[in-house]
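The sequence and the structure are shown first, and the description follows.

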Amino acid sequence: MAFKHIIDSERCKGCGLCVDVCPKKVLEISDKVSAKGYFPAYQARPEDCIYCTLCCVMCPDVAITIIETKDSNEAVTA
Ligand code: SF4
Ligand code: SF4
């Protein structure tokens, strides 16, 4: 069992709260603008993510999700 960290770049408003809260400094703000005109967060160092969920809890726009996967490439279907 593994986990996958997903940022919905169309929900993200680029506030940077998740970047600040991440204890492993995984996240950064992109320099590419989203369809809604924001600069979204992304996982700059995904290999360092410990799936602590702090960023998910912190995000005011509920843009970050962590899902369980069977392996690192495949999502679990309910
Ligand atoms: S789950 Fe934890 S370690 Fe991973 S990006 Fe979010 S705050 Fe950082
Ligand atoms: S906390 Fe949410 S809205 Fe703010 S930058 Fe992170 S993902 Fe985007």
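K25 is exposed, because 11 other C-beta atoms lie within 10 Å of its own, and a residue with 12 or fewer counts as exposed. In this predicted model, K25 belongs to the loop between α1 (17-21) and β2. The phi angle of K25 is near 55°, a positive value in a residue other than glycine.

V62 also has a positive phi, near 50°, and is a residue other than glycine. V62 is placed in the loop between α2 (54-58) and β4 (64-69). With 11 C-beta neighbours inside 10 Å, V62 is classed as exposed.

A further loop, between β2 (27-29) and β3 (41-43), holds A35. A35 counts as exposed because it has 7 C-beta neighbours inside 10 Å. Between the C-alpha atoms of A35 and Y51, residues 16 apart along the chain, the separation is 27 Å.

The protein chain as a whole contains two helices and four strands. Read from the N terminus, these elements follow the order β-α-β-β-α-β. The radius of gyration is 12 Å, close to the 12 Å given by the globule rule for 78 residues, so the protein chain is as compact as a globular protein of that length. The C-alpha trace spans about 35 × 25 × 20 Å along its principal axes.

Of the 78 residues in the protein chain, 14% count as buried. In soluble globular proteins, nonpolar side chains tend to be buried together. Here the largest nonpolar core consists of eleven residues: I7, C12, C18, C22, V26, L27, A41, C55, C59, A63 and I64. One of these core residues, C18, is in contact with L27, A41, C55, M58, C59 and I64, when neighbours within four places in sequence are left aside. Among contacts in the protein chain between residues at least 6 apart in sequence, 62% join residues at least 24 apart.

The surroundings of the two ligands are set out below.

Technical notes. Residues are numbered from 1 along each chain as its sequence is written. Chains are lettered from A and ligands numbered from 1 in the order in which they are written. This is a predicted model: local features need pLDDT of at least 70, side-chain atom pairs count only at pLDDT 80 or more; totals for chains, interfaces and linings use all residues. A residue is buried if 20 or more other C-beta atoms lie within 10 Å of its own, exposed if 12 or fewer, and partly exposed in between; C-beta atoms are placed from the backbone. The radius of gyration is taken over C-alpha atoms; the globule rule is 2.2 Å times the number of residues to the power 0.38. Two residues are in contact if their C-beta atoms, placed from the backbone, lie within 7 Å. A nonpolar core is a set of buried Ala, Val, Leu, Ile, Met, Phe, Trp, Tyr and Cys residues joined through C-beta atoms within 7 Å.
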